[in-house]
Amino acid sequence: RTIYAARIARDGAELLDEEINDLRAVRSVVEQGCDVATLVGIFTLRNGWCVPVDLTLQCGESDMAKDERINRILGNLENLDFAKVISRIRAILPKNDKAEFAEAWNSSGGALRFLVKQIHISNYMSEAQQYQYLRNYLHLFGAHPDDWANVAEVEMQRRALTHLESYKSLIQRATGERRNEVWFAFEEAKQQFQEDH
């Protein structure tokens, strides 16, 4: 039941996309007018597990144009966020290809994605709560939480990169006229990731 971030947009432009400590800052931006408002938080289940929650309110069209999705894919590639690219690619795939693509990713990277999210939300706990949560729920101990986060993030991104590479022809079909631009950006991001890790 903790809200820790907000994203506010109007006419496709981001007005706010950051961690927050005070909802009054969000309210003042929303009062100026917006199309989309998303609050990001944590909900603790009765059994102690914490789950991330995104609550989005939107006016107008809910579908993002394909070109805008591809622009965001290019931005995610620039940031070496291959896992986010997977979710954006999935959104533009034909219906009959989505299930196989998603199922294969869940099999190779789903557990790591869950772990990365869990470690991330543990950062919003007190140090003592975080230590207990990581130890008791995620069975992580013996290293600093940031070290666990870095190891899990790099491995998740490595698997996401491999997943995207194995679906090259599907991705190229889905990105249509921009296939070469997207794949060139992918190859550049891959090279950068490999140099960094």
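**Charged side chains, in their setting**

Mentor: Start with the order of elements. From the N terminus, the protein runs β-β-α-β-β-α-α-α-α-α-α-α. That comes to 8 helices and 4 strands (DSSP runs numbered from the N terminus: helices are H or I with at least four residues, strands are E with at least two). This is a predicted model, so local features need pLDDT of at least 70 and side-chain atom pairs pLDDT 80 or more, while totals for chains, interfaces and linings use all residues. Residues are numbered from 1 along each chain as its sequence is written, and side-chain values use heavy atoms, without hydrogens and water.

The C-alpha atoms fill a box of roughly 50 × 45 × 30 Å along the principal axes. The protein has 197 residues, and 37% of them are buried (under 20% relative accessible area; exposed is over 50%, partly exposed in between, with a 1.4 Å probe and protein chains only).

Next, the pairs. Side chains of opposite charge can pair when their charged atoms come close. A search of the whole structure finds 9 salt bridges (a side-chain nitrogen of Lys or Arg within 4 Å of a carboxyl oxygen of Asp or Glu).

Take R27 and E31. Their side chains meet in a salt bridge, at 3.3 Å from N to O. Both sit in helix α1, residues 23-31. They are 4 residues apart, so about one helical turn separates them. R27 is exposed, and E31 is exposed too.

Move on to helix α2, residues 66-78. Here R72 and E68 form a salt bridge, at 3.0 Å from N to O. R72 and E68 are also 4 residues apart, about one helical turn. R72 is partly exposed, with a relative accessible area of 27%. E68 is partly exposed as well, at 32%.

Then look at helix α6, residues 145-166. R158 forms a salt bridge with E155, and the closest N and O atoms are 2.3 Å apart. R158 and E155 lie 3 residues apart in this helix, about one turn. R158 is partly exposed, at 40% relative accessible area. E155 counts as partly exposed too, at 23%.

Some charges gather instead. E14, D17, E18 and E19 form a patch of negative charge on the surface (patch members have over 30% relative accessible area and no salt bridge; like charges are joined within 9 Å, nonpolar side chains within 5 Å). Asp and Glu count as negative, and their charge is placed at CG of Asp or CD of Glu. E18 belongs to strand β2, residues 13-19. E18 is partly exposed, at 46% relative accessible area.

One last stop: the cysteines. A disulfide is a covalent bond between the sulfur atoms of two cysteines. The structure holds 0 disulfides (cysteine sulfur pairs within 2.5 Å). The sulfur of C34 has its closest cysteine sulfur in C59, 6.4 Å away, which is too far for a bond. C59 is therefore in no disulfide, since the nearest sulfur, that of C34, lies at 6.4 Å. C59 is exposed, with a relative accessible area of 52%.

Note on methods. Accessible areas come from the Shrake-Rupley method with a 1.4 Å probe; for residues, only the protein chains shown count as cover.
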